[in-house]
Amino acid sequence: MNFLWSSFIYLLLLIPLIVAVYVLLLRRRKRFVVRYSSLSLVREALSHQSWLRRHLSFILFLFALISLILALARPVATLAVPSNRATIILAMDVSRSMCSTDIDPNRLEAAKVAALAFVQKQERGKRIGIVAFAGFAELVQPPTDDRTLLENAITNLTTARRTAIGSAILRSLDAIAELDSNVTPSDTGNLPDGALIPVPEGQFGPHIIVLLTDGASNAGPSPISAAIQATERGVRVYTIGFGTTNPSAPMDCGDQFQSNDQFGGGFGSPFGGGGGGGFRRGIDEETLTTIADMTGGTYYAASSIGELNNVFQNLPTYLALTREETEIGAFFTAFAALMAVIAMLLSFRWHPLS
């Protein structure tokens, strides 16, 4: 805890002075004590005036005065508070294996439904961005709280070749860094020396990445090296493995995909980063779990639209907290008022004027 007006702290030096004056008054009072004709009456009067009753009101008054002085000094503390400025990045796999119909109507369409439901249930003001990745990753919707833009971006996702999980994490970090100057952009080899100051181990920022994939990385940078960069920046990555182990399910990406190898939608042919149809449908759960563990996130497995909806519903978006320096003088003022009121009530009850 720090103080904006720290010079007021010196007023605490008045506390010993006030105590000294109080003790002096008590001693002078003894000189003018009323003399009773009967010693038994004196003892009876003293028995009803315990030490606590005689001094508790003054002690509470001192607490009130100390708290008020601290309030005048304007104390500030760094608190973790919910923040609508926190960003959630949905990184969605749009590789061709997402055309598998083992989940009706296919994995990609089912993932779209779950992602749309996730967006619609978020509180107003929460910023969400959409990253799509296949042979490379692209930010198809910068973080926004406009649900219409988010819904359009999710609805228009189309498939392409290969899977670059590492690229998806790095592109998500860059999207966050564009909005938060405290987050350093990803390091692709041209980051100046000293530009990155890793966050202390075990500490995390308010932003999170939710990465959904149905396969294993076969393009781009290593997912583990990308996860290391996320850890250094304090960004949690929650990974979702989506799909079944049914190898015989047919592929269905729509007429446009089947009739034309140049993929349409918002990505076009540049997303085709690999050869023909050698898809890797097996989910690399080991890597996804490692990514989540390294970054402070969690790995989830989903093999149906219902399970995926549950995963999105249970994502800990409440972790979207930010550390802010906040004035807490109001708490000290309230405490001072409470102590003063209690002191007066006790004084009136134990030491009535008449």
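Visitor: What share of the 354 residues in the chain is buried?

Guide: Buried residues make up 41% of them. The model is predicted. Its chain holds 11 helices and 9 strands.

Visitor: What makes arginine 107 count as buried?

Guide: Its relative accessibility is 0%. Buried means under 20%. Arginine 107 is therefore buried.

Visitor: Why is the contact of arginine 107 with aspartate 214 called a salt bridge?

Guide: The closest N and O atoms are 2.7 Å apart. The cut-off is within 4 Å, so the pair qualifies. In general, side chains of opposite charge can pair when their charged atoms come close.

Visitor: Where do arginine 107 and aspartate 214 sit along the chain?

Guide: Arginine 107 belongs to helix 4 (residues 107-121). Aspartate 214 is in the loop between strand 6 (208-213) and helix 7 (223-232). The two are 107 residues apart in sequence, so the pair ties those parts together. Asp102 joins Arg107 and Asp214 in a network of salt bridges.

Visitor: How many salt bridges does a search of the whole structure find?

Guide: It finds 6. One of them joins arginine 74 and glutamate 327, with the closest N and O atoms 2.4 Å apart. That pair links distant parts of the chain, 253 residues apart. Arginine 74 is in the loop between helix 3 (51-72) and strand 2 (75-82), and glutamate 327 is in strand 9 (residues 321-327).

Visitor: Why is arginine 74 called partly exposed?

Guide: Its relative accessibility is 25%. Buried needs under 20% and exposed needs over 50%, so arginine 74 falls in between. Glutamate 327, at 40%, is also partly exposed.

Visitor: What makes glutamate 178 count as exposed?

Guide: Glutamate 178 has 56% relative accessibility. The threshold is over 50%, so it counts as exposed. Its side chain meets that of arginine 171 in a salt bridge, at 4.0 Å from N to O.

Visitor: What pLDDT does the chain average?

Guide: The average is 82, and 81% of the residues score at least 70. Over residues 256-281 the pLDDT is below 50. That stretch still has 61 contacts in the model beyond near neighbours in sequence. Where pLDDT is low, the predicted coordinates should not be read in detail.

Conventions. Residues numbered from 1 in each chain as written. Predicted model: local features only at pLDDT ≥ 70, side-chain atom pairs only at ≥ 80, totals over all residues. Heavy atoms only, no water. Helix = DSSP H or I, 4+ residues; strand = E, 2+ residues; numbered from the N terminus. Buried < 20%, exposed > 50% of the residue type's maximum accessible area, 1.4 Å probe, protein only. pLDDT = per-residue confidence, 0-100. Contact = heavy atoms within 4.5 Å.
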